[in-house]
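Here is a short report for a reader meeting this structure for the first time. Look over the chain, then read on.

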Amino acid sequence: MHRHPDVLEVEMRRAVITFHEVAERQLAELDDAALARLDPHLGVIAEDPAGAGVQLRPDSPVREYAKDGVRVAYVATVLGTIVLVAYVEVD
């Protein structure tokens with residue numbers, strides 16, 4: 001494929017996931033099976049923080065991801081390089 005020399009190729013990178021202390025306590029209470037269920041969903045959020053979840057309110061940066069019994073509330077930095085997970089729930 002021929003690329004124009006003035007076009008920059010942008011490499012998509014995963015966001016770094018970090019946990020608020022409340023979410024850390026919730027994680028500590030999950031068993032290994034629940035953690036295994038949660039992990040791929042965190043990967044989805046890390047790949048596309050803006051597209052993975054829905055914005056809870058128009059005036060709020062908090063997004064919610066809910067799928068397959070997993071619910072995560074999070075805030076992503078403007079550039080989407082860091083995701084702060086505020087709440088996790090695994091049914």
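## Terms and model

A residue counts as buried under 20% relative accessible area, as exposed over 50%, and as partly exposed in between. The model discussed here is predicted.

## Overall layout

The chain holds three helices and five strands. Along the sequence they follow the pattern β-α-α-α-β-β-β-β. The chain has 91 residues, and buried residues make up 27% of them.

Contacts also reach across the sequence. Among contacts with a separation of 6 or more, 49% join residues 24 or more positions apart.

## The nonpolar core

The largest nonpolar core has 15 residues. Those with the most contacts inside this core are Leu-38, Ile-45, Val-72, Tyr-74, Val-83, Val-85 and Val-88.

Take Val-85 as an example. Beyond its neighbours within four places in sequence, Val-85 is in contact with Ile-17, Thr-18, Phe-19, His-20, Ala-23, Leu-42, Val-72, Ala-73 and Tyr-74.

## Helix α2

Helix α2 has 16 residues, and at 1.5 Å a residue they should span 22 Å. The end C-alpha atoms are 23 Å apart, so the model agrees with that expectation. At the start of α2, a side-chain oxygen of Asp-31 comes to within 3.3 Å of the backbone nitrogen of Ala-33.

Which residues of α2 are buried? They are Ala-34, Leu-38, His-41, Leu-42, Gly-43, Ile-45 and Ala-46. Their cover includes β1 (16-19), α1, α3 (49-52), β3, β4 and β5.

## Arg-63, a buried charge

Arg-63 sits in strand β3 (residues 63-67). This residue is buried yet has no salt bridge. Asp-48, the nearest side chain of opposite charge, is 7.7 Å away.

## Salt bridges

Side chains of opposite charge can pair when their charged atoms come close. A search of the whole structure finds five salt bridges. One of them joins Arg-57 and Asp-59, with the closest N and O atoms 3.3 Å apart. Arg-57 counts as partly exposed because its relative accessibility is 49%. Asp-59 has 64% relative accessibility, so it counts as exposed.

Glu-64, Arg-71 and Glu-89 are linked in a network of salt bridges. Glu-64 pairs with Arg-71, the closest N and O atoms being 2.4 Å apart. Glu-89 and Arg-71 meet at 3.5 Å, N to O. This second pair links distant parts of the chain: Glu-89 is in strand β5 and Arg-71 in strand β4, 18 residues apart. With a relative accessible area of 32%, Arg-71 is partly exposed. Glu-89 also counts as partly exposed, at 25% relative accessibility.

Notes:
Residues numbered from 1 in each chain as written. Predicted model: local features only at pLDDT ≥ 70, side-chain atom pairs only at ≥ 80, totals over all residues. Heavy atoms only, no water. Helix = DSSP H or I, 4+ residues; strand = E, 2+ residues; numbered from the N terminus. Buried < 20%, exposed > 50% of the residue type's maximum accessible area, 1.4 Å probe, protein only. Lys, Arg positive; Asp, Glu negative; His and termini not counted. Salt bridge = Lys/Arg side-chain N within 4 Å of Asp/Glu carboxyl O. Core = buried A, V, L, I, M, F, W, Y, C linked by side-chain atoms within 4.5 Å. Contact = heavy atoms within 4.5 Å. Expected span 1.5 Å × (residues − 1). Polar contact = N/O pair within 3.5 Å; in protein donor to acceptor, adjacent residues only side chain to side chain.
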